[in-house]
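Please look over the report below on how the parts of this chain are arranged. Keep the sequence and the model in view as you read.

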Amino acid sequence: MLTTRNPHETWKQFLEFVEERCSAAEFENWLAPIKVIEGSSEEIALEVPNIFVREYLLDNYKKDLCSFLPLKENGELAIRFIIAEPKKKETVVAPPPTEPEEQQYLFHTDLRLNQTYTFENFIEGPSNQFVKSAAMGVANRPSRSYNPLFIHGGVGLGKTHLLHGIGHFIKHHHKKLRIQCITTEGFINDLVDSLRNKSVDRMKKYYRALDVLLVDDIQFLQSRLNFEEEFCNTFESLINQNKQIIITSDKAPGQLKLSERMIARMEWGLVAHIGVPDLETRVAILQHKAEQRGIRLSNKIAFYIAERIFNNVRQLEGALNRLSAYCRLMNSDLSEEIVEKTLAEMFQHKPQKKISVESILKTVAAIYDLRVSDLKGTTRTKEIAFARQVAMYLAKELINESLVKLAASFGGKTHSTLLHAWKKIAEQIEKDDMLKRQIQLTRRNIEA
Ligand code: ADP
Ligand code: MG
C-alpha cells in the first residue's frame, strides 16, 4: 500500500508538489480551497467548492494524484468528492462591484483543457483512425466540414482526449474563434446557478455567442428534461448561425434516451464511433505514455500488459501509474515479475472472447440451478426473477449491443425491463459483498 500516512499529511505533500508546478493564482483559486474531510489508506474524501474545481483537479493532476493518493484495485483514484454547501451570502455589507460586468459571470467562461490531451499525444490505430481524422477535419475547418461532429464509444477510449485535442488545435490555429469546452454536467450546473442568480439571459447570450462549442458526455442529459430543452435551444441557435458543435457520448445518438428532436439534431452531421484499440495500438499507447512519464518499458513488458488489459485505455494508464509509483518507491527497474505482482488484479482474464446472451443465460442457469427457458420466460417467482436480473445485468455489462436487442434476446423483453434489472443489481452489488463475489464468479465462468 502506498499511503499509510495520515491523509492530511498526504494531501499537504501533494500540494507542496503542485505548488512548485503551477502559478500562484492557479494555486489560490483552484487548489487551496480543497479540503480533506477524511481519509484512510483506502480512500480519501475531499471537499471542493464546486464541480469545476473537481474537474480542474482531475483534468490537470490526475497522474500526480495517482502517485500520492490511494488507488482502487483497477488503478483509478480512490477519491470521494464532496461538493461544499454554498455559503449563505452576507447581505449587509456587500461591496459595490468593482470589476467590469463581464468578469462577474458566475458560470465559467475560461477555456480549460487538459494539457496532455492533444492530437500529437493521441495514438492512432484501426479502431480510431476514422474518428481522429474527422476530429482533425473539424479542427482544421470549423463549421466547414461536419456539423455537428458526434463522437461515441465506450469508457476510457479517448473521447475526451479527442474533444480537447480539437480545442487545443482551434485555440492555436484559429485564434479569433470564441471556443468553449464544457461537460454536460457543467452546462447543467451553469444553468442551475444562472437560474438561482437570475442571470439566465446572460448565460444564454454567452453560449450563443460562441463560435465553437465542445460538449463532453452528452449522455448525462438523459432524463434531465428541463435542461434538455435549454440545451437543445442553445444547440439549434448555434447550428443555425453555422457555428461548430462537437459532442461526445458513451452511446450512439439513437440509443440515448433523449427527445427525438435532440437525437435528430445530433445525427445531422457526422456520427463517428471510437472503438477498442487492437493489441499493437495498445502497445503503442503504453509506450508513448511510459515515455512521457520517463519510465523505461521494454517491448516484451508492454505486450505483456497490453495482452492483459484490453478494453479501456484509461486502465492501461492506471497500470502505468501503479508501476511508476512502485518503481519510485522501491527504486527499482521493471521486471515481468514486478509487473505481474503489481498488476495482477487489474488483469482481465481471457482476451476478447465473443460473449453471447445465450452463453450468459446458460451459465447463469447452471449456477442458479434453473433452466434457460425459465430465464427467458415470464415467471416471477423470487429465485427466477432474481437470476433473470443477474443475467440481464451481465448482458449489459459484457455485451456491447443496444439494450433493445439485448432485451429481445431474453424472450422479447423491453429495454426498460433490462435497464431496470441492470440498475437494481448494480445498486445491490454496491451494498452486498456476497452478491458481488457471486457475480464475479459467474462472470469468470462466462468469460472462461
Ligand atoms: P473517454 O472520455 O472516452 O472515457 P478519455 O479521453 O478520458 O476517455 O481517455 C482516457 C485516457 O486514455 C486518457 O488519459 C487518454 O489520454 C488516454 N487515451 C485514450 N485513447 C488514447 C489514444 N488513442 N492515444 C493516447 N492516449 C489515449
Ligand atoms: Mg470522457
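## Helix pairs, ligand shell and domains

α11 and α13 are roughly parallel to each other, because angles under 35 degrees count as roughly parallel, over 145 as roughly antiparallel, 65 to 115 as roughly perpendicular and the rest as oblique. Their crossing is right-handed; a crossing has that hand if the near helix is turned clockwise from the far one by less than a right angle, and is left-handed if anticlockwise. On α11, the contact uses I301, Y304 and I305; on α13, it uses E336, V339 and L343. Contact here requires C-beta atoms, placed from the backbone, to lie within 7 Å. Five of these residues are nonpolar, none is polar and one is charged. Ala, Val, Leu, Ile, Met, Phe, Trp, Tyr, Cys and Pro count as nonpolar, Asp, Glu, Lys and Arg as charged, and the others, Gly among them, as polar.

The model is predicted; local features need pLDDT of at least 70, side-chain atom pairs count only at pLDDT 80 or more, and totals for chains, interfaces and linings use all residues. Residues are numbered from 1 along each chain as its sequence is written, while chains are lettered from A and ligands numbered from 1 in the order in which they are written.

α4 passes α5 in a right-handed crossing. V131, K132, A135, V138 and A139 of α4 meet L162, G165, I166, F169 and I170 of α5. That contact has eight nonpolar residues, one polar and one charged.

The table gives the geometry of both pairs. Axes are lines fitted to C-alpha atoms, for helices over the stretch in contact, and angles run from 0 to 180 degrees between N-to-C directions. Helices (H or I, at least four residues) are DSSP runs, numbered from the N terminus.

| Helix pair | Angle | Axis distance |
|---|---|---|
| α11 (299–306) and α13 (336–343) | about 25° | 10 Å |
| α4 (129–140) and α5 | about 30° | 9 Å |

Which residues are closest to ligand 1? They are G158, K159, T160, H161 and V313, in a shell of 16 residues. A residue is near the ligand if its C-beta atom, placed from the backbone, lies within 6 Å of it. α5 (159–173) and α12 (313–330) each give two or more residues to this shell. The shell holds seven nonpolar, six polar and three charged residues.

Domain 2 (128–274) and domain 3 (279–346) both give residues to the shell, so ligand 1 lies between them. Domain bounds come from an automatic or database domain assignment. That assignment also gives domain 1 (7–83) and domain 4 (357–447). The C-alpha centres of domain 2 and domain 4 lie 34 Å apart.

Terms used. Two residues are in contact if their C-beta atoms, placed from the backbone, lie within 7 Å.
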